[in-house]
Amino acid sequence: MPKHEFCVEMTCEGCSNAVARVLNKLGGVEFEIDLPNKKVVIDSEHSVDTLLETLKKTGKTVNYIGPKE
């Protein structure tokens, strides 16, 4: 599955929990949250647009960094 890296404006555990919640609801994803660096790496067949829209549901600023090797 392709991996995508996003920058999410997370400041605390609550923020990362919100990200985990919306991604778990979407389903079909595996993800790693790097809170100190404000990065989320998502392993998924979903389109980048779908992942971006899902992450934006947290109300945080989200940017797509690019594919992750």
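Colleague: How many residues does the largest nonpolar core have?
Modeller: The largest nonpolar core has 13 residues. Here that term is a set of buried Ala, Val, Leu, Ile, Met, Phe, Trp, Tyr and Cys residues joined through side-chain atoms within 4.5 Å, and buried is under 20% relative accessible area with a 1.4 Å probe, protein chains only. Do keep in mind that this is a predicted model, where local features need pLDDT of at least 70, side-chain atom pairs count only at pLDDT 80 or more, and totals for chains, interfaces and linings use all residues. Residues are numbered from 1 along each chain as its sequence is written, and side-chain values use heavy atoms, leaving out hydrogens and water.

Colleague: Which residues have the most contacts inside that core?
Modeller: Phe-6, Val-8, Val-19, Leu-23, Val-40, Ile-42 and Leu-55.

Colleague: What does Val-8 touch?
Modeller: Leaving aside residues up to four places away in sequence, Val-8 touches Val-19, Lys-38, Val-40, Leu-55, Lys-60, Thr-61 and Val-62. Touching means contact, with heavy atoms within 4.5 Å.

Colleague: Switching to the sheet: what order do the strands have?
Modeller: The order is β2-β3-β1-β4, an open sheet of four strands with antiparallel pairing. Strands are DSSP E runs of at least two residues, helices H or I runs of at least four, numbered from the N terminus; two strands pair if DSSP finds at least two bridges between them.

Colleague: Why is one side of β2 and of β4 left without a neighbour?
Modeller: β2 (29–34) and β4 (62–68) stand at the edges with a single partner strand each, so one side of each has no neighbour in the sheet.

Colleague: And how many bridges join β1 to β3?
Modeller: Five, with the two strands running antiparallel. Lys-3 stands opposite Asp-43 in β3.

Key:
Buried means under 20% relative accessible area, exposed over 50%, partly exposed in between (1.4 Å probe, protein chains only).
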